[in-house]
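Please view the sequence and the model first.

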Amino acid sequence: GKCKGTSVDGIRGEHVDMLLDFDMKYLPLILDAWAGQLLTPFVREWFRTTKGLAINKTDKQTKEVIGFRPLGITSFYRRLLSLEPCKEACAMYTEYMVKNGLYGCGAESGTEVPAAYWQVMCELHPKTAIATADAIHAFNYLHRHVILEELDKTAEGKRLKWAFYAFYGESSATWYRLMDGQMRKIDVGRGVIQGCSWGTLFFNIAYARVIKQVREKFGNQVLPLSIHDDTTQGSIEPTVDERLVESFIYLKECGGKAGFKYGNSKDLFACYHEETRAELQRQLNAREETRHITVTGAPFKVAGNLVAGERASATRRETMLRTLSQETTKFNARHDRLEKVGLDTQTHLTYIRQAGGSTVMLNHIARGQPPSQSLQALKAAHERIKLTVARAFGMPDNLFNDHDDRGHQLSRRFFNRRSEGGSGIVDISVTAAPAFLASKLDVLRYFQGDNLYWLTDMEKDSTQWNQSQSPTLREASDILGNIT
């Protein structure tokens, strides 16, 4: 949905984006060329064609292949011309999604909100327990009638039915290439395309029904938060009336009615209070459908961000540093490869984009983790980027030497936002602290009024975070004080 990656027509969205950054006069030429091709039946069918790609899915602990992740690769022009109208549709549904605890969708993302919220809860309420469930190939199994039923409930939804019928109004032919080279055709009448803007929106609209049903049944006893189909449910008193186990089972029942299938491999319960963890384990063992689950006391990830309580088996800092080490190893390896691919055959602009693109995961980690713990690794990563860019231009390695006044000015000018005359690669060691603070402020922005379950008045007021029992909020308060 973001016009990234190679399309079925061989066009990479990043290349077009880069071209338009260079000169917007090319945009009318691109659109005119596409408008002319619309007249031919072949391209109209091409517009609707999606190629399937299966990527191995590995177990996070054992690293063994446990399945595959299906992706749909669509036409670039389909992405480009459906993205903007879909953004408008997402904006209409943003408030509805957030109200029902669904993130990673709409006009804004908010994928860091669940992890930020659960981290604060673990620090404020030691008995807090969190359960996670993840549907298998969720985009594939969703019943399409659920989408239509949800669209019919609102005036905004009724106005979007044209898009649903345009892409999913009839069964689509899916071709599979077998091991012997033979092709097999299957007519598919369920699910939506993962990788299509409209498919993601329709999925979120349908999955919001599942989350809403859980919220209506358990009220503020259990809070479900979801990023697409990756759902976390938490409670500060999880063992009372077996509420967390009950809500976990109920979530799967509601999801099953919408077509979703849940496996056991990703089921997880986490609690950092020893007595509560033991009681939770007893409750899980007493039920056939949850007997496979072992309650962990180790840090775990929500959308890539670590959550851990005070008495976790390993501290959040230790776990986060290991994660950063793994990511920086990948980061350095990518830059090593960039320096070996024949710089003379690449434009400088393309090269710079590739250099900056490798910071995506590090940026993600920085936004969710305390900068006091991540800053050293992020500074090292930025030094590596400076070295890569200098070599791309055939310049000395110390081109951006900040100890030299001229080098410092050049570094500040180059590693800046494009809107401010820079290259678009921003120094992530500088942005880490504001990004971390933003993820905490987003909790207050996304959760409104009564939805701020279990937070005290002090935590609801960012000006009082310096007095909070939460170390996370106290560090955020220090950053806020330095900024203001």
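The model is predicted: local features need pLDDT of at least 70, side-chain atom pairs count only at pLDDT 80 or more, and totals for chains, interfaces and linings use all residues. Residues are numbered from 1 along each chain as its sequence is written, and side-chain values use heavy atoms, with hydrogens and water left out.

The structure holds 21 aromatic pairs. Rings of Phe, Tyr and Trp (its six-membered ring) pair if their centres lie within 6.5 Å; planes under 30 degrees apart count as stacked, over 60 as edge-to-face and the rest as tilted. Two of the pairs are set out here.

| Pair | Centre distance | Plane angle | Class |
|---|---|---|---|
| Phe218 and Tyr250 | 6.1 Å | 65° | edge-to-face |
| Phe248 and Phe269 | 5.1 Å | 70° | edge-to-face |

Phe248 in helix α11 and Phe269 in strand β9 (residues 268-271) are 21 residues apart, so that pair links distant parts of the chain. Helices (H or I, at least four residues) and strands (E, at least two) are DSSP runs, numbered from the N terminus.

Phe218 is buried, at 9% relative accessible area. Phe248 is buried too, at 1%, and Phe269 is buried at 0%. Buried means under 20% relative accessible area, exposed over 50%, and partly exposed in between (1.4 Å probe, protein chains only).

One aromatic cluster is formed by Trp162, Phe164, Tyr165, Tyr168, Trp198 and Phe202.

The charged end of Lys217 sits over the ring of Tyr250, 4.2 Å from its centre. Over the ring of Tyr141 sits the charged end of Lys261, 5.3 Å from the ring centre. Such a charge has NZ of Lys or CZ of Arg within 6 Å of the ring centre and within 35 degrees of the ring normal.
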